[in-house]
Amino acid sequence: MKLVRKLLAPLLFLGGLSAVTLAAFGLRARLGIELLGGHGRDGLQIAAYLGIAWLLSRITDQVFSRARPRSRPVPRLLSDLLSALFFLTAFVAGALLLTGNSAGSVLAGSGVVLALLGFAIRNVVADTLSGVALGLEAPFRIGDWVDIERLAKGKVIEIGWRTTRLMTRDSTYVILPNSQISRQRIVNYSAPRSEFRAQLEVTLGYGTTAREAAETLRVALMQTPLIRQTPPPDVRMLAIEPEGIRYALRYWVGRFDQEIDCRDAVLKAVDAALRRSGTALPHRP
């Protein structure tokens with residue numbers, strides 16, 4: 001029912017054009033009355049081009065809206081691009097019809113205008129083309145947590161023609177031009193899966209053997225809430241340094257927005273485990 005409502009307006013528009021055309025043809029065939037002149041017929045044909053473009057754009061929008069997953073919706077950028085191509089084709093066809101099907105005159109007349117317009121809005125064009133590239137390559141989708149180098153880190157809220165909008169973990173709304181995003185390194189914490197492995201480093205003194213210290217840290221990780229226990233967390237020695245042995249605590253986080261809370265829980269669990277076991281921290285004069 002929703003699909004029918006979306007397609008009703010362009011279908012009625014095309015149906016009205018067909019009714020007018022049939023009425024004009026019937027009057028001319030039966031009574032010899034010319035209801036439409038040459039310009040009238042051209043106008044109806046151009047209106048038909050636009051009506052077909054309208055109908056195709058509505059169909060494309062419905063196809064993309066039904067194909068996109070609810071958890072990670074696909075941006076509307078590709079659907080908008082196809083709609084723009086449909087209408088551009090309709091306008092070009094109408095222009096060719098009005099100029100007597102002379103493609104050369106249409107291109108020559110529009111070339112200078114397009115050149116001047118392109119220079120005036122070159123920044124807008126750069127953002128738009130970058131937005132198209134982001135939509136086609138899809139380095140991130142709406143709902144993904146991303147880190148755009150030197151620009152921002154947050155959840156993708158909207159991907160538009162000119163800008164991409166993020167919501168940071170501090171609920172700050174960030175609007176970034178697509179041309180700047182396309183020049184930066186992008187880290188997507190939600191692809192191919194939402195879970196990722198985080199790491200903390202802890203340095204312990206030589207009063208406890210490396211085996212005992214690693215086991216104490218591993219038990220602390222296993223008893224930490226919030227972090228994933230599958231795959232299991234682990235502890236690795238990184239270096240033996242003058243002040244002590246440096247360990248890496250590696251654990252899995254379900255979503256990027258939980259990373260701060262997970263790190264806090266890990267640090268509290270490690271602190272409690274070290275105090276219970278009496279493990280000495282390195283002494284720094």
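User: What do the buried residues of α8 pack against?
Analyst: In this predicted model, the buried residues of α8 pack against β6 (196–204), α7 (210–222) and β8 (244–253).

User: And which residues of α8 are the buried ones?
Analyst: They are Glu259, Cys262, Ala265, Val266, Ala269, Val270, Ala273 and Leu274. Around the axis they cover an arc of only 160°, which means that they lie on the same side of α8.

User: What is exposed on the other side of α8?
Analyst: Lys268 and Arg275 are exposed there, and for Arg275 the relative accessible area is 65%.

User: Which side chain does Arg275 meet in a salt bridge?
Analyst: Arg275 meets the side chain of Asp271, at 3.1 Å from N to O. The two are four residues apart in helix α8, so about one helical turn separates Asp271 from Arg275. Asp271 counts as partly exposed, because its relative accessibility is 37%, a value in between the 20% limit for buried and the 50% limit for exposed.

User: How many residues does α8 have, and how far does it reach?
Analyst: Helix α8 covers residues 259–277, which is 19 residues, and it reaches 27 Å from its first C-alpha to its last, close to the 27 Å expected at 1.5 Å a residue. Just after α8 comes Gly278, which takes a positive phi of about 70°.

User: Switching to salt bridges, how many turn up in the whole structure?
Analyst: A search of the whole structure finds 16 salt bridges. One of them joins Glu215 to Arg218, with the closest N and O atoms 2.8 Å apart.

User: How far apart are Glu215 and Arg218 in helix α7?
Analyst: They are three residues apart in helix α7, so the separation between Glu215 and Arg218 is about one helical turn. Glu215 is partly exposed, with a relative accessible area of 39%, and Arg218 also counts as partly exposed, at 33% relative accessibility.

User: Which pair links distant parts of the chain?
Analyst: Glu149 and Arg185 have side chains that meet in a salt bridge, at 3.8 Å from N to O. This pair links distant parts of the chain, as Glu149 is in the loop between β1 and β2 while Arg185 is in the loop between α6 (178–181) and β5 (186–188), 36 residues apart. Glu149 itself is partly exposed, at 29% relative accessibility.

User: Which residues are linked with Glu149 in a network of salt bridges?
Analyst: Arg150 and Arg185 are linked with Glu149 in such a network.

User: Where is Arg150, then, and is it buried or exposed?
Analyst: Arg150 sits in the loop between β1 (145–148) and β2 (152–159), and it is exposed, with a relative accessible area of 68%.

User: What does the side chain of Arg150 make a polar contact with?
Analyst: The side chain of Arg150 makes a polar contact with the side chain of Gln184, at 3.1 Å. Arg150 and Ile181, for their part, are 31 residues apart in sequence, while their C-alpha atoms are 9.8 Å apart in space.

User: One more topic, Thr203: where is it found, and is it buried or exposed?
Analyst: Thr203 is found in strand β6, and it counts as buried because its relative accessibility of 17% falls under the 20% limit.

User: Which residues does Thr203 touch?
Analyst: Not counting residues up to four places away in sequence, Thr203 touches Glu241, Glu243, Gly244, Ile245, Arg246, Leu281 and Pro282.

Note on methods. Residues numbered from 1 in each chain as written. Predicted model: local features only at pLDDT ≥ 70, side-chain atom pairs only at ≥ 80, totals over all residues. Heavy atoms only, no water. Buried < 20%, exposed > 50% of the residue type's maximum accessible area, 1.4 Å probe, protein only. Polar contact = N/O pair within 3.5 Å; in protein donor to acceptor, adjacent residues only side chain to side chain. Expected span 1.5 Å × (residues − 1). Arc of directions from axis to C-beta. Contact = heavy atoms within 4.5 Å. Salt bridge = Lys/Arg side-chain N within 4 Å of Asp/Glu carboxyl O.
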